[in-house]
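Please have the sequence and the model at hand.

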Amino acid sequence: MAVHSISVPTITDEERSKRLIDASVFWSERIAEDSKSASLTYKVHGEATGSVASRLQAGNHVFHIDEPAGLAGDDIAPSPVEIALGAFIACQIVVYRLYAQHLGIGIETIAAEAEGDLDVRGLFGIDEKVRPGFSEIRLTTRVTGPESPERYAELQRYVDTHCPVLDLFANPTPVKLSLVANQ
């Protein structure tokens with residue numbers, strides 16, 4: 001399996017702090033002027049490629065999602081459920097940084113690991129009583145820094161209340177599906 005890396009810019013704590021403050025001020029002012037500007041729509045386009053892979057484009061970013069060989073894939077990229085877990089971790093990290101800044105809580109390092117249990121009987125229609133998605137997700141977040149465990153627990157409460165991807169996993173979200181065939 002090929003491992004691809006991207007170059008992530010180095011940023012100082014002061015630069016990160018300024019970006020978080022600037023974003024908060026920008027959105028507060030924008031929403032105060034027009035509450036409708038708080039509503040964002042995200043769009044991703046995907047096309048089938050390879051055995052069961054997808055090539056996706058989100059804005060200027062192109063990425064691939066595939067399955068391992070045992071699920072008919074070419075194993076060229078993470079699976080959809082691995083991407084979902086990765087999105088959960090990434091969102092948590094963003095929201096930890098956002099609320100750490102907001103609450104004045106110091107963080108030196110932050111890392112997370114997610115695990116999800118999936119029973120393939122639901123995916124393959126072998127047992128209609130088994131859901132095709134995760135039956136449970138476990139997330140462990142590790143932070144280091146100068147604060148007490150109680151302060152980090154306070155931070156976690158804010159993160160758990162405001163993390164969009166946690167909300168997607170924890171609460172039903174209306175989904176509208178449509179199919180356009182032969183057009």
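Is phenylalanine 88 buried or exposed? Phenylalanine 88 counts as buried, at 5% relative accessibility. Buried means under 20% relative accessible area, exposed over 50%, and partly exposed in between (1.4 Å probe, protein chains only).

## Basis

This is a predicted model, where local features need pLDDT of at least 70, side-chain atom pairs count only at pLDDT 80 or more, and totals for chains, interfaces and linings use all residues. Residues are numbered from 1 along each chain as its sequence is written, and side-chain values use heavy atoms, with hydrogens and water left out.

## Aromatic pairs

The structure holds 4 aromatic pairs. Phenylalanine 88 and phenylalanine 169 form an edge-to-face pair, 5.4 Å centre to centre with 65° between the planes. Rings of Phe, Tyr and Trp (its six-membered ring) pair if their centres lie within 6.5 Å; planes under 30 degrees apart count as stacked, over 60 as edge-to-face and the rest as tilted.

Phenylalanine 88 sits in helix α2 (residues 80–103) and phenylalanine 169 in helix α5 (residues 164–170), so their pair ties together parts 81 residues apart in sequence. Helices are DSSP runs (H or I, at least four residues), as are strands (E, at least two), numbered from the N terminus. Phenylalanine 169 is partly exposed, at 33% relative accessible area. Phe88, Phe134 and Phe169 form one aromatic cluster.

## Alanine 114

Alanine 114 belongs to strand β4 (residues 109–118). Alanine 114 is buried, with 17% relative accessible area. Beyond its neighbours within four places in sequence, alanine 114 contacts Leu85, Ile89, Arg138 and Leu139. Contact means heavy atoms within 4.5 Å.
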